[in-house]
Structures are given as C-alpha cells and as structure tokens.
Amino acid sequence: MASNQIMFILFSVMIVVFSVLTVTSRRILRAAVYLLFVLVSTSGLYFMLNYQFLAAVQLTLYAGGIVVLIIFSILLTSHISQNFESSGWKKNIFSAIAALIGALLSIITILDYKFSATTEVAQEVNMKLIGKSLLSTGYDGYVLPFEIISVLLLAAMVAAIVVAKKVSPKSAELQNLKQ
Amino acid sequence: MSLGTFLIMRHELLLITAALLVLIAELFWNPEKKKGISHFSLILFGVITIIGFLPSPEGSIFGGMYVSSGTRLLMKNILNIGTLIVFIQSIGWLKKEENVEKVSEYFLLLISTLVGMNFMISAGHFLIFYIGIELAIIPIAALAAYDRYKNKSAEAGIKLILSSALSSGILLYGISMIYGTTGTLYFNEVAALFGNTNLQILGFIFFFAGMAFKISIVPFHLWTADVYEGSPVNITSYLSVISKGASVFILMIILFTVFPVIIATWQKTIFVVSVLTMTIGNLFAIRQQNLKRFLAFSSISQAGYILLGMIGGNQLGMASIIYYILVYVFSNLGAFGVVAAISNAKGKENIDDYNGLYHTNPKLSLVMTLALFSLAGIPPVAGFFGKFFLFTAAAQKGFYLLVFIAVLNTIISLYYYLLVVKAMFISKSDTPIESFKSDISTRIALGICIAGIVLTGFASIIFEVIRNLSFGV
Amino acid sequence: MINFSYTIWILILPFFMFLLLGLAGHKLFKAKLSGLLGTGGLGIITILSYITAYRYFFVTGKIEGAFQKITAVNITWLQFTDKLHIDMGVLLDPISVMMLVVITTVSLMVHIYSLGYMKGEKGFERFFSFLSLFSFSMLGLVLATNIFQMYIFWELVGVSSFLLIGFYYQKPSAVRASKKAFIVTRFADLGFLIGILILSFNTKTFDFITLTNPTGTAILQGTGIGFLGLSIMTWSMIFVFMGGVGKSAMFPFHIWLPDAMEGPTPVSALIHAATMVVAGVYLVARMFPIYAISAPVALHVVAYVGAFSSLFAAIIACTQTDIKRVLAYSTMSQIGMMMCALGVASYGGEEGLGYMASMFHLFTHAMFKALLFLGAGAIIHAVHSNYMTDMGGLRKYLPITHITFLIACLTIAGIPPFSAFFSKDEILTAAFHSNKILFGVEYAVAGLTAFYMFRLYFNIFWGKDTQYHHTPHEAPATMTIPLILLAIASLFTGFIPFNKLVTSDSKVLESGLEMMIAIPSVLIGLLGIGIAYVMYRKETSIPDRLATTFKYGYKWAYNKFYIDELYLFVTKKIIFRYIAQPVAWFDRHIVDGTMNAIATVTQVISFRIRGFQSGQLQKYAFVFITGVIMLAIFFIYLWK
Amino acid sequence: MDILSLFVVIPVLTITAILFLKDTRQVRLVSAFGMGLQLLMAALLVFLYLTARHAGNSDEMLFIRDYLWFKSLNIHYAVGVDGISVAMIALTSLVVFAGIFASWEVEFLRKEFFISLILLATGVFGFFISIDLFTMFLFYELAVIPMYLLIGIWGSGPKEYSAMKLTIMLMGGSALLLVGLLGIYFNSSPDATKLTFNILEISKVVIPLPAQRIFFPLTFLGFGVLGALFPFHTWSPDGHASAPTAVSMLHAGVLMKLGGYGAFRVAIFLMPEAAHELSWIFIILTSISVVYGAFGAIAQKDLKYINAYSSVSHCGLVLFAVLMMNQTAMNGAIIQMISHGLMTALFFALIGMLYGRTHTRLINEMGGLMKVIPFLSVCYVIAGLASLGLPGLSGFVAEMTIFVGAFQHHELFYRIVTIMAVSSIVITAVYILRVIAILLLGPTTNEHFEHLPDAKWFEKISVITLIGAVAAIGLVPFWLSTMIGTSLHPIINKILALNPF
Amino acid sequence: MNSGIPLQYFLILATVMFFTGVYGFLTRRNLITILMSVELILNSVNINFLAFNRYLYPHKLEGMFFSVFVIAVAASEAAVAIAIIINIYRRFTTINVEDVNEMKF
C-alpha cells in the first residue's frame, strides 16, 4: 500500500469520524473542536491533491477564522460544559434515513458515471499562477469574482454590524415600551 | 481591456458607487446632515435607475464571465424600478425613531444585494452566479433581522440565513457535479458539453433545488412565510418581488442557455413543481390572517404560475415571464405598500383589522383592490395580461393540462384575494382602522404602482419590447 | 271575386279595443262609456261578420258546387324556414264563417247583457277589455290560416279565459279555478304543440289549405312510418286532438270546466258554453280531412272520447245542485256529442253526415247554451245564489227569464221544432249509421239531458216556494233583451240548411229527417222531461229516496267520480311532493352540495396540511432535503 | 372613433364623470343620462345596421374596426357586429337603462354602486362587440368581477357567501374557457405561421378534429357555466337571491346571455365538427337544465329563487337550441336570449320593487297585492305571461322558434329530447301561476300591506321600457327574426358545408 | 501521484461528509451546531471540486478557485449568521432552534 493511500485512508477516516462526532456530540464546544479536526484533515487532503495554497487557506480561514468565530459565539451564548438534550428519536431516525438515502443515491449515481479525464497537460499549481489568475481579466481569470467577493465581505460586515450592534439606549427604551 | 468595456458593467458599477457613497456619507456626515441620508440615497438611486435606461453596449467581458445583453439589461432595469419603489415606500418607515440610526446601512445593504442580483443576472460563469446569489441573499438575512427588538424579526433572519446556507450547499453540490462531468463552469461551455446522464441530471436537480429555494418553489418554500411575516414590511416586499424576480430571471436564463440539452427533464421537473407550488401556495394562503404571511403564500403560488412561462422554453415564455415580473413588481409592491402604510401607521397587519377599511381609507382600499386584482389576473389591470401571456406560452408547447391546473388555481387564489377585498369593502367593523393620511412618499410609491398596474397591460408596446429582447431555447 | 281583405278589421278592432280599454280605460273613460265602447266595437264586428257570411255563403263562396277556401289576408309573421312560417291571416271557409257568426252573435249578446249584469262592479272597464281580448283571440282562432296561428290564438283564448275566470281575483275560489283552467288546458296544449311539431316535421307546412287538401301530398306524409303500431300521422293527430280535449273539456281534461263557473256568468255563457269550449270541435273539424283520410284511428279516438265524455258528464249533471255546474256538465256532454259525431263521420258524401251534424249542433248549441247561461245569470242576479236548493217558484218573479229558460230547456231536450231537435237528430242518425254502440250511448245521453235540464228547470221555477230575503225581481232590459234574442235564435236556427252550407267536403249533402231516429229521440226526450216532472215539479222525496237507493253510485256521481281528487293527488302529491320538492332538495343538497363540498374539501385540506408549516427550521430543511432526493430519484430512475 | 367602440367609451366616460361628482344625487342622473345615451346609440346602431344591410352590404360583420394590439401574438382590438350582436347590444342597453332606474333609490355608497354597475355593463358591451377572442375574453372577465362587489356590498341575505360562490364558479367557467381559447388560438392556422384570435379568420380554417374534441367541450362548458348549464348552475339561485335588484336584472338579463352567445359564437361556430359529434352529451345536459330548472322552480318559496330556477330552465333552452345546430333553432336561441333577458330583467325589477315595499320575498308572506299595488301587479302578471310563453309576448316567439327548429333535426333522438324540453312549458305555467295566484290574487293577507304605495315614476320608466320591448318582440317578431336569421347564414353555411344533414 | 486512489473515493468521501452535514442540520438543536453542519456541507463540496479538478481537468484551476471563493463566502455567511444568532440569543435567551418558532402555520 502506497503512502498516499495510507494517508488518504487516515484522512478520510478522520474526516468521517469527526464529521459524525461533530453532528452527534452533545457538548457543543467539543463539537466545535471536532469540526476543527475535520477541517484540518480536509486541508490534509488538499495537500495530498497538491493544492497547497488552498490547504493553507483552509487552515487559516476555516480552521483559524470560522472555527474561532464559532467558538467565540458559543462562549457568548452557552455555558462551556453545557449538555444539550439530544433531539427526539423520531427526528433523528427520519433525518438519518433521509441522509442515508440521499447519500446512497448520490454514491450510486456517481459510481454509475464513467469519468473521463482530459488529455490536456496538467498545470503546475504555484503561487505565481494563482496570483496571475486572480488578477487576470481574460478567460480563466478571476479578478471579477475577486472584486465581487469584496463587496460581499463589506456587505457581510455591515450586515453583521447592523444585526449585532448593541441596542442603543433609545432603542432599548422603545423596546421596553413595545413589550 | 479598455475602460470603455466597463460601461458594459454600468449597472453594477453605478450601484457599487452608490453603495460606497452612502457609506462615505454615513461615515463623514455630521448627525444633522445624516437625517437627509435617506433622501440622498433615494435621489442617487433614482438617477441610477434613469441612467439604467440609457442605451448601453452589449457583449461579454472577463473572458465570458460577465455577459451583458438587451434582455439582461431589461431585467436589471425592471429590478431597479422595483427597488426604487421599495426605497420610496420605506422613506416613511425609516423616519421612525428606532430606525433612525441605521438608515444608511439599510440602503447600503439593499444596494449591495441588488449588485449581487445584477451580477447574478449577468453571470456567464457559475462562480459569478454563485457569488452573486450569495451577495443577493446574505445581506437580506441581516435586513430581515433589522428590527432588532422584535423576536419575529430575529427569527426571520436566522431562518433565512440558515435555510439559504443549506440551499447554497445543495446548489454547490449540484454545481460540483456539473463541473465534474463537463470540466468547465463557463455557461456556454457547459451548455455544449452537457449530456443526459444520471449524474448530470442529479447535478441539475441539486442545482435546481437550490434555485427553487430562492424562488420559493414547493417543496423548497417553507422558509418563505415565516421570513416574510417576521421581516419588516419593506424588506418583505423587497424579498418577495426583487429577490424572487432576480432569481426567476437567472433560473430562466440558465435553463434556456445552459441546460437546453436536458429540456425534457426540466420540463417534467417544472411541471411537477409548478403544480405543487401553485396548489400548495394557494391552499396555505386561504387560511392566513396576517397579511404579510398571506402575501407570502400568494407569492409562492405566483411563482408557480411564473414557472409556466419557463416550461415551454420558448421565446414567448421568456417574454411573458419578464413581462409578468414587471407586472408583479407593480402589483405586489402596491399590495405591500398598502400593508406597509397601515402597518407603520397603525401597527395592524391582520385581515380582520382591515374590516371596513373602505369606509375610512377609501384610497388605500382601492389601491389594494387593484393590486390584488392584478395579482389574481382580473382584467383590465395588467395582471390579466401577464397571466394570459404566461398561459399562452405554456399552451404554445402543448401544456394544456398544466394551463388548466394553473387556471383552476387562479380561481382558488381569486377566492382568497377576494377575502381581503371583502374585508375592506363588505365586512363591518366596530373598530375600523381610523382614517389617516399616509406620508407623501408612500403616496408617490403607490401612485407609481397604480400607474404601472393600469398602464402596463394596455400599453402593448411594453410587451412588444420585451418580446423582441427575449429568446428561447 | 269579392275582396275579403276588409275582414282583417274583424281582428284588429277587438284588439284595439282591448288595448284601449285595458291600458287607458280606467283613466280616460267613465266605466259606462268603456262598456258602451266595447259593446259598440263588437257591434261593428258583428255587422262585418254578417256581411262576410252573407257574401261568402250566398254571393261568392261557391265555385263548382263547393265552397272554396279563401285566404282573405295573409301576412308572414315569423319565418322559421323557407317552408315553415307562421302567418297571420284570415281564412274563410264554411266552418270559419259559421264560427264567425256564432262568436260575434253570442259575444254581442254577452256584451249587451254584461252592461246590465256587471253594472257597478269594480273593474268594469277591465271586464270589457278582457272580453275584447277574448273576442279577438277567438276570432283569430277560427279565422286562422295555418295551424300555428291557430295555436297562437288558442293560447290567447286560454289566457283570456284565465283572466276572466279569475275576474274576481280576491275570491280565492275564483283564483284557484282560473289557475286550474289554465294549467289543465296548458297541459293539453302541450299535446297540441307536439302534434304540430310532428305534423310539420313530416309535412313541412303549417298551412291549412295545403295540409287539408284531400288530394295534396302533405296529407299523405307520415302515414306509413310506424311508431308503436300507429302511423306517425296518427300520432300527430292524436296529439293535436289532445289540445282539443283540453280546450273542449273532454274527459279526462274536463275538470277545469265546472270550476271555471267561478267567473262572472256572462263569461261562462260566452267562453265556457258557446265559443271557446267548442274550439276543440272546431280544431278537429278544421283538420278533418287529415283525420278522415290519413288517421282514421285518431278519428276513432275522437269518437270514443266524445261519446264517453258526453255520457259521463250527463250522469254527473244529474246530481249537481249548483246550477252553473249543471250547465257546465251539460256543455261538456253536448260537446262530447259533437265530438262523437265528428268521430263517426268520414270525408265527403253521405258518410260526412256526422261532420255536418256536429257543426250544426255546434251552432245551435251556442245559441241555446248561451241563453241558458245568461238566463242562469239573471236568476243568480236575482237570488244571489248559485244553488238550486236556494231557489224555487221563481216563475212568478222572473217571467221573461222563465220563458226564455224554458225555451232553452226544450231546445236542449231535443223537442221539435226547436233547433237542437234537428241537430241532435242528425248526430244520432250519423252515429246510428256508423256505430251502434256509440248510437246507444248518445241516445241515452239525449234522455239524460232532457232529465237533468228539466230537473234544473223545475227546481228553479217550480218546486218549493222559497222565502227570499229580498224579493227577486226581473233583470233590467240590457239583460233581458239578449235573452229574448237568443231565445228567438234557439227557436229558429234549426231551420238553417246546414247540409247545404257546412259539410265535410264543402259540397251539398242531401239529407233529411229520418223518422226512424227522430221519433225515438223525441220520445226519450219526453221521457226525461216526464221523469223530471214527476220528481221535481213539486217538492217530493223521490230524489232523496233514489239517492239513498243508489247510494254509492250517487255519491260517486255527485263527487264527479273523484276525478278532481285524482288530479289533486297527481299534482300535489306526485308532482309537487315527489318531483318538484325532491328536485329542489337534490339541487340544494346534491348538486350545490357538491360545489360546496369542493370548497369545503379545499378548506379542510388547507387546514390539514398546515402542519408542514410548523415553524421549525429543521422540519423545513427536512422537507427540503426529502424534496430534492425525491425529485432526483423520480427524475433519474423513474421517469427519465 | 368608430361607432362600436363608443359602446365601451360611453360607459367609461360615464364612470369617469361619476368619479368626479361631489354630489351623490347627481350620480344617478349622470348614470341615467349616460345609459340613456347608450340606449339611443343602440337604436342608432340598429338603424345603421339595417340600413347597411338594406343597401346590400352582405358582409359577415359590419362596422369592423381592427387595431393591432399585441403584435407578436397577433392580438387585435377588433370589433364588428352582425345582426346577432346588434340585437344583443340593444338588449343590453335596454336592460342597463332599466336597471339604472330600478336602482334609483340606492342610498348606501351610491357612487360606487353606479360605477360598478356601469363597469359591469362596459364588460358586457365590450363582449358583444368583440370579434377577437382575446378582447372578448377580457371583457368577459371584466363583466364578472364587479358582480362580486355589487352582490357583496349591496346585496341581501347571505350575500358574502353568494357573491363568493357566484364569482368563483363563474371564474371556474372562465378557466375552462381560457384553456379552450388558447387551444383554438394555437390551432387557428394550419401551419402555425399566422395564429390569430380573430373569429372571422379562424372560422375560415378547419381546426383539426382531435383538437376540437378537446377544446369544444372546454369552451362550451366554459360558456355553459355562465349560461347556467346543469350541473354548474348553482351559483345562479344563490347569486340572484342575494343580489340587489339592478344586479339581478343585469345578471340574469344580460350576463347569462354571454354564456349562450359565446357558446354559439365561439364554441359552435369555430368548432362545428366536434359540436356535431359531441352535441348529444350537452343536449342531454341542457334538456336536464330545462326540465329540472322548471321543476326546481315549483318548489321554491323565495321569489328570486323561483326566478333563478326559471332562468336556469330558460337559459338551458338557449344552449339546447344552439346545440341543435340548424338555422331555425339557433335563431330561436338568439331570440330566446333576448326575450329571456328582457323578461327576467323585468321580473327582477318587479321583485325588487315588491321587496322594497313588503320587505319580504317569501311568497307565503305576501298575498293579494293586486288590489293594493295594481300597476306593479299587472306588470308582474305580464312578465309571468311572457315567461310562460304567451303569444303576443316575446317568450312565445323564442320558444316556438326553438321548438320548431329543434324538431326539424333529422335524428330521432334529438326530436325526442325536444319533446322533453317542450314539456317544460307546462311546468313553467305551473310555477308562474302558482306565484301569481299566491302573491297577487286573493284577499290581502297582511294588514301592513293595505297602504303600500304603487310604483313611483322612475320605477314606471324602468318597467315600461322592458314591457314595451317584450311586447314589441312578441307582436312583431319578424324584423328581429330576419335580422338574426340573415346573420346566421355564414354560421349555418359553415356547418352545412361540413355536415350535410 | 494519486495513483491507487480512485477519484470515486474522494467523491464518496465528500458525499458522506455532505450528508453527515445534512444530518446535522436536520437534527442539531443548537443554532451554532447547525451552522457547523453547514460548514461541513460546504467543505464537502470543496473536496468535490478539488478532486474533480485534480483528477479530470488539471489543466485549469476552476475547481480550485471555486473552492477559494466558497470558503470566502462561507466565512461571510458564518459571520452574518453568528451575528443573527447572537441577536436571537438576546431576544429569546436561548439558541435552541426548536424554541425559535413564533411564526408557524
């Protein structure tokens, strides 16, 4: 068994196990940590696939950014050791059935399909190419989405502020009046 | 790439500029001046709307990622008009004390969603499309939760953002299948390489479900009612008209240009979901008391009718959809405008509260009636023409059964629209909504809506223009 | 050739009178003036009719030994197809001209009589306007050039009869009677209409001249095609006859006639004795060539219905105490005889005797029956009661009425030389030569007639001496003059040579008195009178004893053989309760219920599925996911 | 501006004028003026039409005006009339005119009432002048909707329920209709190059039979619902019973005629083959309507219900006759539409006036009104007599034409069914006389009724207009019959060309 | 370099992860864990994109870039979602999804 196969098995087992744990763990903070493991393992896969840049992005943005955000919010909204009662078994079973059927359906359909690789030469993925592509305006250039995403980020920022901004005393007064 | 080519992106650029100007104004204006920020935004947007109608070059830039054509410009203009009306309607609401300190955010976020929609419509690549669609929905989730002191508003926000995240996931999964089987994400290339294999259909259906969510097509519609009810009225009207309209446009474009190969599949799909959508939407609408919720279900069933224009994949279908959306913009905004006016003035949103409204506020009642008749497709208002063309488009391809079901559904819908009319005109009330004078902006907005409702139908030129810009599979 | 186009005024004038008096009568004129106007108008018409009759019969009508059918006026009124169109016109032939005379004469008498009889009644001008309407309709009926015109006026006659019966519209019994008359005859008219439809479908024409041309093609249409064993033509003629049965109050549609006596007495005299009720006879006579040539079976039906009705009515008449009802049954009986006479006749020559007899009897009957009714009116006017039990010994108080009434009774009893002797004799002769059973029936009827008429006569004018609250007094001149005139007519009309004027083929029919028939008929008449004399000349107990002896028979006859009850049962119970109400119920609950159920089901479904909209984000998502998966499975693996 | 469009423009102008009136009293004057003008226009139209025909103009339609509206779908605003439409227009203007006067005393929201009423009339006029299926459909729906408000606001009894039911059921009909119309449209050109909604043009092509088999029933049923075809008639009793006087008049008098007219002009005319093939089904339904409606009327207690069922019966006769598909029967159908329109309007007007006085519509609670209010009572009797087909009034002409025509059908089945239908005349007599007897005749039962006032001047105008028309048709049917008859030729020829009987 | 690991393995892995995320979305009661499930879903999609890109179409970088943007979008989505969740917590004093159902039917 080649080393990459072993790595793949390792990563995939980690991903699957921790994914399942993420969605089943009763302790929310643990779930967040499991998620972190999943994301890290995924970035491992990316390394395997030779997408170092993306793996880095994954680690910093996802693992470093989002998970931290999540953990902060958990801390804001829950007690650390708080246990959540598990959901009703009905819900679990039906959801599991739905997810299983969906997964089976997808897998069967995927396996059914004959993938055919292109014959064109693979491109070496290096930072230069990525940078060029990101700033290119032509075919296969990604400057436009890059720009749009900036708008999105701005908007998201403003949005988050609008929602989460502390209620001003005046508004709070109004709120009291309403309730 | 010359600077001139940016003119092709005129709509988006103008909007981004506007958004930034609003931001700058918010940051640098003094508090006194800030009171004028809503008027400033309004004027800004009005100018943009007008500029939007100026002739514009067409073509595709960024290597085909961004496509501009007459049809797409038209769609953007329609969205602009709708947004303008929403803006005008919201002026009065924004003056309320609890909203004063976040006026500019309101405009900024709405404009940025509009940017997202415009990119979405002009997308020639799934990436642009995806980012556009996210940009179009994420800020709205925040706006849905705009009323920070209201539970319902927060609930609407969370329901919207989580549902939309799930649907994005599904959508992405579909796109990944499409990518995997064709090796490209450019629309025109996908169209050429797409086939009729199981995996591709799977990908298509996942993609379709994601889009169906945005248009609130059954069974992906369940978020709609709650979000519509919980959001501030103006956001609801924006969601129900502009968001939905934009999603319809892009779904139609994608179906027509990217997936013509599997037309048989999506026709069947649309057949099934449109029957479901119309019927379920109507069945739920019958029982609603809250007008926003009521209009939510009504708009679900409207989405079902709209699908009739898509199913044929014909030029007439596209024309009728664009036309219908235009009509729908006026009609639904008219209805929401009245709801907003009354909700903001008296805080009443239930149908029962409208009992005897005609006797105290005849003008509002008339606007509401016309708008509802237009939604129901009653002549001589524009909705009649819109529906007629939709049905014609479906019938052209032989979907008579579907047309029949749709028309039967319009009867159910007529029933509940008439319930509102009944409340306003016929029912008696001991405590009717007192007579009040709505502010000037509301009146202007409603005036525009009424003019649109009445004129869009009779002025055949509008339909002809749209028709000439439309295309089929 | 004399131009007869002026005859159109015979129709226009009464119609104009009707409009004038009906629309503006109560405003423009005083009551009396309205009466005079109506009467005057009718007087003019009468004169016109007489002139016409004279000119037709004695100046110009006869060509080559036969009276021609002359279409004096004919205007297309409504075009259905090229061949089928309703015309409005005037057709002159022996029977129509004869009817013209009958109607105008009797009508004029009634008009004059009514001036006195109806004096001071509320709605005096209304009465005269209705009378004008009736005259118009009746004249139009007899002058009709085509069967559809006849049908139109047939209906109009019906409605004027309805209006006149219900003249006292505040009297519930009158309202009931008018309603009954209208509906019963309407039902019969349905048959008439169906008959017309079938007839016109086969012959493609409505025109009488074309239809009844014995050598034409129309008359032979549909004789072969069978339906339930009878030819189509027979069916159509039976249906047409049904109309006649209704209008002429033959069994089983006779029930309206006695009730119709609720109307003012002059109306009874005019409509329900002399003119309208003989329309059925006239109808059969009008269509006679078809009956005789193409549909003999239908003619048999006519004969038997007529004979049965005459006997049936005569028996009932013997038991009634309301004098107008007695007269009504008498009318029915006499008309039955006419029908029977028509039924035993055939087309042309000697065999056509029955036709002539029937027309003859129609003519004489009109005179004496009008006389009887008007006389009865005078009596009722005097004693304010319809019941012979309230009367008696009136000969002292009402001398003129008494004499004229006696003349009428003698006439109807068939005593020579009164007119009915001749006509009835012809009928019996015709029956005798054709069918012995029918003869026997008619013979018995003749006897019964004499009996019940004199029962009536004796009960009124002789019998017990009743004490009256107000001393009865003779009617005014406006009422007695018509009586006298009609009495004279009854006396002498028998001598009109009908066999030369009105025959089945319009040619002269040689016939004379057959003593073999005449003598027995007079004898049985005298017998009837004799029995009546014994029983009713003085107040005796014989009638009561007879009534108790034949208890059941009497009771049945007194109750008109319960035909009314049968009708009531059919209409109230079956039609109203078992058809109309169930239909209404069905409509409300089943048909409408279905519509409502659709709405309710929609509502219920709407309520039931509300659980989907649970407010639970995760349930929404579940539906979402399930939806995607289902769609995918469905469109990939099931319905690709 | 062509003369036909004026029939739409005048009501619209009237509505506009009413909108700007301050004084609600003037509203009815303006309405009366507008609709009086409309009546004059109708008279003028009849005159012009007859003149043109007399001058030898033998076009299928006269006064055609055609404006392209939606170019891409080839939708036109196209108007034109033949004798049939002219007759229907005349009928409508009469009934509307009478309706305005019958509602003279509406107090509540008077302005809105007259606006809705005239709007309704606009739809009807538009429908009759249209020769383009699209505009026809547009006007059709336009006519239906004001009914909801009219019944809902100014009605009586369970008005909300009735109004909703009526609207929903009629819109249900129009749903069927819409599908039918689209089907016709997409089959209106053999090679699908020049699709059209124009009736005249469509009539020149033969729609493929398989398509006809689908779309004929849809179209016919669609119109049939409005024509109160069994079993889709149940909106009619409730709707009529709850509607205010003028609305009942207009609705029964005119709006229901849209059904018959449409069934004839669209369903039969454009798809004669399928009509011929499938007519037996609808013949059965319509003859059920005829007899069943009449029986239904017998058992009713409410005057309006009686009249509503009677309308079911009479309108059933219209559709029945149309389906017989021969000249005479169709002629009869049109005359019946007009006749029924007039007399039922008369009935409803009178019922409204009686109700306004006695405050009840239950016949059991009334009695002996003839003595108290002779004018109205006599008019009621006349209406009744017209309804039961008395010669000299319009009903007779219509029914006889239908019966004679229907009986000319060459198949025995149709003739037998005709006889069934004929039998309705007796049932009609039964319920009409029953009402007259109970309501008007006999002694006055209720002492409150002793001092009821007789008709006021505006009521008289309303009633006399209608009676005059009923009598005019009844007395001189010839011109009407001929006017319709000549207009039927193209239709009959088309049928005959395909199914030589 | 990935010899011995068929593309299908990656795809199956992604699918399993995807539906695990879906399962989590359907069952977790805490709004934040639901958000975490969403992240799982998005992550699985990224695996798909990259695997496809690497195995089948390595001459372009579309899949990879798509993933980059998905991550960015996911981040902003998460930001807004968390903001709203916090707001929910303020309003409802809970972030249990089953309690957030004031509006229904």
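Trainee: What is E:Val80 in contact with, leaving aside its neighbours within four places in sequence?

Mentor: In this predicted model, E:Val80 is in contact with A:Ala156, A:Ala159 and A:Ala160 of chain A, and with B:Ile138, B:Ala141, B:Ala142 and B:Ile161 of chain B. E:Val80 is also among the residues with the most contacts inside the largest nonpolar core, which has 792 residues.

Trainee: What makes chain E a partner of chain A, and which helix gives the largest share of that side?

Mentor: Two residues are in contact if their C-beta atoms lie within 7 Å, and 65 residues of chain E are in contact with 70 residues of chain A. Helix H1 (7-27), helix H2 (31-55) and helix H3 (62-92) of chain E each give two or more residues to that side, the largest share, 21 residues, coming from H3(E). By class, the side of chain E that touches chain A holds 44 nonpolar, 16 polar and 5 charged residues. Among the 8 pairs of chains that touch, the most contacts are between chains A and E.

Trainee: How many residues of chain E are in contact with chain B?

Mentor: There, 33 residues of chain E are in contact with 30 residues of chain B, and H1, H2 and H3 of chain E each supply at least two residues of this side. H3(E) again gives the largest share, with 17 residues, while the classes divide into 25 nonpolar, 4 polar and 4 charged residues.

Trainee: How do you know that no contact joins chain D and chain E?

Mentor: A contact needs C-beta atoms within 7 Å, and no contact joins chain D and chain E, whose closest C-alpha atoms lie 25 Å apart. Chain A and chain D do not touch either, their nearest C-alpha atoms being 37 Å apart.

Trainee: Why is H4(D) called roughly antiparallel to H5(D)?

Mentor: Helix H4 (residues 110-129) and helix H5 (residues 133-154) of chain D pack at an angle of about 155 degrees, with their axes 7 Å apart. Angles over 145 degrees count as roughly antiparallel, and therefore H4(D) is roughly antiparallel to H5(D). The crossing of H4(D) and H5(D) is left-handed.

Trainee: Which residues make the contact of H4(D) with H5(D)?

Mentor: Among them are D:Phe113, D:Leu117, D:Leu120 and D:Phe127 of H4(D), together with D:Met136, D:Phe139, D:Pro146 and D:Trp154 of H5(D). The residues of this contact divide into 16 nonpolar, 5 polar and no charged.

Technical notes
Residues numbered from 1 in each chain as written. Chains lettered and ligands numbered in written order. Predicted model: local features only at pLDDT ≥ 70, side-chain atom pairs only at ≥ 80, totals over all residues. Core = buried A, V, L, I, M, F, W, Y, C linked by C-beta atoms within 7 Å. Buried ≥ 20, exposed ≤ 12 C-beta atoms within 10 Å, placed from the backbone. Helix = DSSP H or I, 4+ residues; strand = E, 2+ residues; numbered from the N terminus. Nonpolar A, V, L, I, M, F, W, Y, C, P; charged D, E, K, R; others polar. Axes fitted to C-alpha atoms, helices over the stretch in contact; angles between N-to-C directions. Parallel < 35°, antiparallel > 145°, perpendicular 65-115°, else oblique. Left-handed = near helix turned anticlockwise from the far one by under 90°.
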